[in-house]
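Dear colleague,

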Amino acid sequence: MRGAVLTALGESLRLEDIAVPRPRRGHVLVKIAASGVCFTDIKVGEALAAKTPLVPGHEPVGVVHTLGDGVTGPAPGTRVAVHLRFWCGK
């Protein structure tokens, strides 16, 4: 698959071929059609700068591709919007 990859903080995003992940137990793999990249992604990038490369974008929409073990739906092919939640852990 292709992804817009941030290799280092302050660098431009680069389109790269990356491996298709497998969904873990209880997770769903979504084939992303579009995703916003905004200020929040910059702040997350700063917090995770030591963990580059990373693919920013936390407002994706797409189609369910694969269900992980223990997941019964939504069925592959279902159009979805993903809501990514951040919290401090407290």
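The notes below begin with the whole protein and then turn to one residue.

Please keep in mind that this is a predicted model, in which local features need pLDDT of at least 70 and side-chain atom pairs count only at pLDDT 80 or more, while totals for chains, interfaces and linings use all residues. Residues are numbered from 1 along each chain as its sequence is written, and side-chain values use heavy atoms, with hydrogens and water left out.

The protein has 1 helix and 5 strands, where helices (H or I, at least four residues) and strands (E, at least two) are DSSP runs numbered from the N terminus; along the sequence they come in the order β-β-β-α-β-β. Of its 90 residues, 17% count as buried, meaning under 20% relative accessible area, with exposed over 50% and partly exposed in between, for a 1.4 Å probe and protein chains only. Among contacts (heavy atoms within 4.5 Å) with a separation of 6 or more, 50% are between residues 24 or more positions apart.

The residue I looked at is Thr78, which sits in the loop between strand 4 (59-67) and strand 5 (79-81). Thr78 is partly exposed, with a relative accessible area of 31%. Leaving aside neighbours within four places in sequence, Thr78 is in contact with Gly62, Val63 and Val64; the C-alpha atoms of Thr78 and Gly62, which are 16 residues apart along the chain, are separated by 8.4 Å. The side chain of Thr78 also reaches the backbone oxygen of Ala75, at 2.7 Å.

Note on methods:
A polar contact is a pair of N or O atoms within 3.5 Å; within protein, one must be able to donate a hydrogen and the other to accept it, and residues adjacent in sequence count only if both atoms are side-chain atoms.
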